Amino acid sequence: MADSSILFQPLKVGNISVRNRIAMAPCTRQRAHLDGTPTELMIEYYRQRAGAGLIISEGISPAAGGNGYLFAPGLYTDSHQKGWHRIAEAVHAAGGAIFGQLMHVGRLSDPLVLPHGTNPVSASAVRPDPLARHYTVNCPRPKRVYGTPRELSIEEIGTVVGEFADCARRARDAGLDGVELHAASGYLPMQFLSTNSNRRTDRYGGSAENRARFVLEVVEAMQAATSPGFVAVKVSPGWTFHDVFDDDPVETYSVLARALSERQIAYLEVGNYGQPWDVHAVLRPLFAGPMIGVAGFTRSKAIAAIAAHRVDMVAFGQAYIANPDLAERYRDDLPINQPDSSTFYTQGAEGYTDYPTYEAAEADQLLPVDSAFATGSSRSSQAGKLQPVN
Ligand SMILES: Cc1cc2nc3c(=O)[nH]c(=O)nc-3n(C[C@H](O)[C@H](O)[C@H](O)COP(=O)(O)O)c2cc1C
């Protein structure tokens, strides 16, 4: 087995130094209160996983208009902010670090979870294919037939950008170590980036530079409200999840990566969900800061990718859901628990805070340390073995 010491080199990430190269990937778990305030259970869940060099939180809505899921958290009220403050305190007390992922779902929302009388918004009034969202049989969330979103006016874009900035300020005041803009997985920023969902003819549509403008304005506004190193971005270049398609993803994400590099963001998280090109190899030379790889990594793949300088850090999703002590297990080359997808989005402690540590686990329940879990859900690459992924 490969030596894990390379995973335990410290790394400067934005304004902080992290103690290892193992990140907890952002994972929506829907355990917040209905109003978006974090629960006691969430504090415990993140505290348990503080052995990660960096926790990237589940998607957090930056504004009421960005909500997409019941029981997903927000960070736009005092009550939300107090809850995140307690999570940040618990993670820091356990020696960890945490960025909050800011997720505005745009056209993937529903009037049922939005403020009364409002409809989902997007870059353009383009309805996502109702079948674009795939679920495992076990997943408790129903398939959703999306409506046609309302196109944001230029003035409303300014309002949304301002909401992200206010939210970043709240994140800083709550004691989080940074924020990550969720510009992946077909959510609002990616609806602006992608050619099939962005049909605008103003300065936010058309060329790659124009389609990247929304993301860059959000990043700049959040940096101005906090500091350059407080802000990170996640992308999934060319991934078609949630019915976003790009005529030329290499061009779009090359433009974006260069622009983010100039803005000296904390890190760029790059997801490879089975896209047919090597997203890390293409973006790496264009982005000067730390790059975090995500999706489909195992312990040995992470060691190899960092050793080859393909990425600086690796984020683990399903493995972290199931293993609160994942970093320690990877350090010592110990077997891991199996994630249970039937409890990914349910309520309560089951499948959330009750996964055992290695010491407490039953030997016959453990899997080899390098076990891989199915990931990704684009129709083209994963049909038939789909996992829910936000
Ligand atoms: C239950 C679940 C919820 C997720 N929620 C989010 C999310 O809120 N934001 C995000 O960027 N990715 C989300 N993802 C994707 C993960 O961050 C990660 O990219 C994915 O699980 C692939 O990594 P893995 O192979 O290590 O599991 C989610 C994945 C799962 C399994």
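## L256, a buried residue

With 27 C-beta neighbours inside 10 Å, L256 counts as buried. Here's the rule: a residue is buried if 20 or more other C-beta atoms lie within 10 Å of its own, exposed if 12 or fewer, and partly exposed in between, with the C-beta atoms placed from the backbone. L256 sits in helix α6. Helices here are DSSP runs of H or I with at least four residues, strands are runs of E with at least two, and both are numbered from the N terminus.

This is a predicted model, so local features need pLDDT of at least 70 and side-chain atom pairs count only at pLDDT 80 or more, while totals for chains, interfaces and linings use all residues. Residues are numbered from 1 along each chain as its sequence is written.

Which residues does L256 touch, leaving out those up to four places away in sequence? They are A212, V215 and V235. Contact means that the C-beta atoms of two residues, placed from the backbone, lie within 7 Å. L256 and L286 are 30 residues apart in sequence, yet their C-alpha atoms are 9.2 Å apart in space.

## E359, an exposed residue

Now for the opposite case. E359 is exposed, with 8 other C-beta atoms within 10 Å. You'll find E359 in the loop between α10 (326-332) and α11 (379-382).

Strands of a sheet pair through backbone hydrogen bonds, either parallel or antiparallel. In this model, eight strands close into a barrel, in the order β3-β4-β5-β8-β9-β10-β11-β12, and the pairing is parallel. Neighbouring strands of this sheet are turned by 25 degrees against each other on average, ignoring direction. Two strands count as paired if DSSP finds at least two bridges between them.

Let's walk through a few of the pairs. Strand β3 (residues 22-24) runs parallel to strand β12 (residues 313-316), joined by three bridges, and I22 stands opposite V314 in β12. Strand β4 (residues 54-60) and β5 run parallel with four bridges, and I60 faces L102 of β5 across the pair. Strand β10 (residues 268-271) is linked to β11 by four bridges, again in parallel, with V270 partnered by G293. β11 in turn pairs with β12 in the parallel sense over three bridges, where I292 has M313 as its bridge partner.

## Strands with both sides covered

How many residues of strand β5 (residues 98-102) are buried? The count is five of five. On one side of β5 you have I98, G100 and L102, and on the other F99 and Q101.

## α1 and what it packs against

In helix α1 (residues 40-48), the buried residues are M42, Y45, Y46 and R47. They pack against β4, α2 (78-93) and β5.

Two packed helices are described by the angle between their axes and the distance between the axes. The axes are lines fitted to C-alpha atoms, for helices over the stretch in contact, and angles run from 0 to 180 degrees between N-to-C directions. For α1 and α2, the angle is about 30 degrees and the axes are 8 Å apart. That makes α1 roughly parallel to α2; the label covers angles under 35 degrees, while over 145 is roughly antiparallel, 65 to 115 is roughly perpendicular and the rest is oblique. On the α1 side, M42, I43, Y46 and R47 meet R86, I87, A90 and V91 of α2. By class, this contact has six nonpolar, no polar and two charged residues. (Nonpolar covers Ala, Val, Leu, Ile, Met, Phe, Trp, Tyr, Cys and Pro; charged covers Asp, Glu, Lys and Arg; the others, Gly among them, are polar.)

## α5 and its two partners

Helix α3 (residues 154-174) and helix α5 (residues 208-225) have axes that come within 8 Å and cross at roughly 40 degrees. That makes α3 oblique to α5. Their contact residues divide into 11 nonpolar, one polar and two charged.

α5 also packs with helix α6 (residues 249-262), at an angle of about 35 degrees and with the axes 9 Å apart. Among the α6 residues in this contact is L256, and among those of α5 are A212 and V215.
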